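Let's take a walk through a protein together. Have the sequence and the 3D view ready, and stop at each residue as we reach it.

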Amino acid sequence: MNQRTGFAAVLWSSCLAMLAVGANSTAIMAALPSMRSELALSAAGVEWAVNAYLVVSAAFIVLGGQAADRFGARPASMAGLALFAVASCIIAAAGTQAELLAGRALQGLAAAIAVPSTLAAVDTSATSERRAAAIGAWTGFLMLGFSIGPLLGGAFTHFTGWRVIFWFNVALMLGAMAGLACARAAAARASSSESRRADWLGFVLLITLMVSLVFALHALPQARAAPLSVIGPFALAAAAFVLLLVVEARVKPPFVDLTFFARRKFAMGVAIGSLAMFSIISLLLYFNLYAQSRDGLGLSALEAGAVLLPLSAALLALALSAPAVAARLGLGAAVIAGGEMTLLTIGFLLMGAGLAVPYALAPRLALSALAPAQAGQGSGMINACTFLAGSFGVAGGGTALALGGFPAVLMMIALAGIAGAALSHFMSETA
């Protein structure tokens with residue numbers, strides 16, 4: 001296989017994998033009401049069916065990027081995709097809540113390896129003149145999967161059952177692995193000449209901080225009856241955060257380089273992207289639960305997915321056009337710009353338009369503050385923060401739903417949008 005053919009195999013295999021990962025992230029939202037009924041999921045089980053994936057991805061994605069550097073992008077990609085296929089099989093065959101959550105956590109670990117590794121494989125196999133277009137295609141397929149996931153999940157659930165969603169994942173992953181296996185000559189990556197010492201203490205502290213915060217947020221609705229269930233996790237998170245600051249300031253190289261957050265563009269980009277992910281995940285999950293419930297809209301999974309089409313279309317179209325918008329307006333300015341069924345359609349179209357450009361461009365804004373040699377670690381930190389923000393959206397949305405129903409969830413999303421707009425305005429004022 002020549003270099004050009006090998007590059008094409010790497011690119012399209014990686015794009016196929018990202019299509020599956022993106023669709024998997026959102027297709028489950030449409031399927032959860034059916035999964036809750038069939039597997040007898042508790043209220044916490046419904047939330048953790050999403051959160052297990054997000055929290056594990058956030059915790060391990062920095063290590064996933066390091067695995068690509070240490071073992072090579074193509075081998076790490078194939079390992080991540082194989083693990084994703086195994087996890088999808090576990091979910092498709094699940095008969096209990098515990099099996100479902102175990103599969104979702106394993107999917108999160110697999111995504112943490114596959115996402116940075118496939119990006120590295122595309123980056124290292126592309127020539128300099130093709131690199132920007134190749135990375136744009138990789139990002140576009142990830143967003144395409146993310147956008148069509150609700151409709152795809154709704155259609156599979158309605159016509160064939162929710163398990164087919166995850167068997168479909170297996171087929172896509174096997175196809176992507178076959179393409180990468182054929183491209184080994186083109187995707188070779190030079191080994192790093194320096195052995196990077198693993199900062200395992202920083203890794204453990206980061207996981208402790210993330211998981212403690214998520215557990216504390218999940219426990220908020222029961223704070224009055226069981227205050228220790230909230231105070232305990234928050235106290236543990238605070239202790240882990242303080243220790244993380246102390247340890248990472250002394251370790252060379254640190255697992256999490258906290259000095260990145262001292263750079264205004266990086267901090268603002270991470271914050272705006274995280275708020276967008278917070279809003280998208282909480283909206284997709286709690287709208288589907290509300291829309292498919294008897295007390296809500298009483299829609300089928302397919303109908304709920306169809307109602308979300310304007311949101312999905314706006315997310316995809318504006319995310320893909322975001323680079324052109326940024327080139328025309330400037331990166332900072334582009335981030336700032338962003339009957340009952342008729343009202344829902346208009347509302348979702350506007351929400352998708354408002355979330356897409358910040359979500360697509362915020363990582364680029366953050367990375368623009370770093371040197372090229374820091375891009376790998378910076379990308380891992382950005383993804384970790386956005387995954388964690390999605391998990392916060394699930395936990396916060398659960399609290400809002402318990403307090404005031406779906407309108408309270410929409411109010412929470414509106415407040416997140418106002419916060420993002422305020423950050424964008426502050427960024428433009430201080431640029």
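We'll begin with the overall build and then look at some individual spots.

A quick word on the ground rules: this is a predicted model, so local features need pLDDT of at least 70, side-chain atom pairs count only at pLDDT 80 or more, and totals for chains, interfaces and linings use all residues. Residues are numbered from 1 along each chain as its sequence is written, and side-chain values use heavy atoms, with hydrogens and water left out.

Start with the big picture. The protein chain has 14 helices and 0 strands. Helices here are DSSP runs of H or I with at least four residues, strands are runs of E with at least two, and both are numbered from the N terminus. Read along the sequence, the pattern is simply α-α-α-α-α-α-α-α-α-α-α-α-α-α. Of its 431 residues, 51% count as buried. Buried means under 20% relative accessible area, exposed means over 50%, and partly exposed is in between, using a 1.4 Å probe and protein chains only. The chain exposes about 18000 Å², with carbon and sulfur atoms supplying 69% of that. Such accessible areas come from the Shrake-Rupley method with a 1.4 Å probe, and for residues only the protein chains shown count as cover.

Now head inside. In soluble globular proteins, nonpolar side chains tend to be buried together. Which residues touch the most other members of the largest nonpolar core? They are L32 and M35, in a core of 112 residues. Helix α1 (residues 3-39) gives this core its largest share, 16 residues. A nonpolar core, by the way, is a set of buried Ala, Val, Leu, Ile, Met, Phe, Trp, Tyr and Cys residues joined through side-chain atoms within 4.5 Å. Zoom in on M35: leaving out residues up to four places away in sequence, M35 touches I28, A40, L41, L100, W162 and F166. Contact here means heavy atoms within 4.5 Å.

One of those partners, A40, deserves a stop of its own. Most residues other than glycine have a negative phi. A40 is not a glycine, yet it has a positive phi of about 55°. You'll find A40 in the loop between α1 and α2 (43-71), and at 62% relative accessibility it counts as exposed.

Step back into helix α1 and you reach E38. The side chains of E38 and R163 meet in a salt bridge, 2.8 Å from N to O. The term means a side-chain nitrogen of Lys or Arg within 4 Å of a carboxyl oxygen of Asp or Glu, and the structure holds 1 of them. This pair links distant parts of the chain, since R163 sits in helix α6 (residues 163-181), 125 residues from E38. Are its two ends buried or partly exposed? E38 is partly exposed at 47% relative accessibility, and R163 is partly exposed at 23%.

L236 is partly exposed, with a relative accessible area of 45%. Skipping neighbours within four places in sequence, L236 is in contact with T208 and S212. E248 is found in helix α8 too, but E248 is buried, at 5%. Its contacts, not counting residues up to four places away, are D199, G202, P254, F255, V256 and L258.

Finish with the rings. The whole structure has 10 aromatic pairs. Rings of Phe, Tyr and Trp (its six-membered ring) pair if their centres lie within 6.5 Å; planes under 30 degrees apart count as stacked, over 60 as edge-to-face and the rest as tilted. F261 and F266 have ring centres 5.2 Å apart and planes at 80°, so they are edge-to-face. F261 is partly exposed at 33%, while F266 is buried at 0%. F287 and F406, with centres 6.2 Å apart and planes at 55°, are tilted. F287 is buried at 0%, and F406 is buried at 9%. Lastly, ring pairs link F60, W200 and F203 into a cluster.
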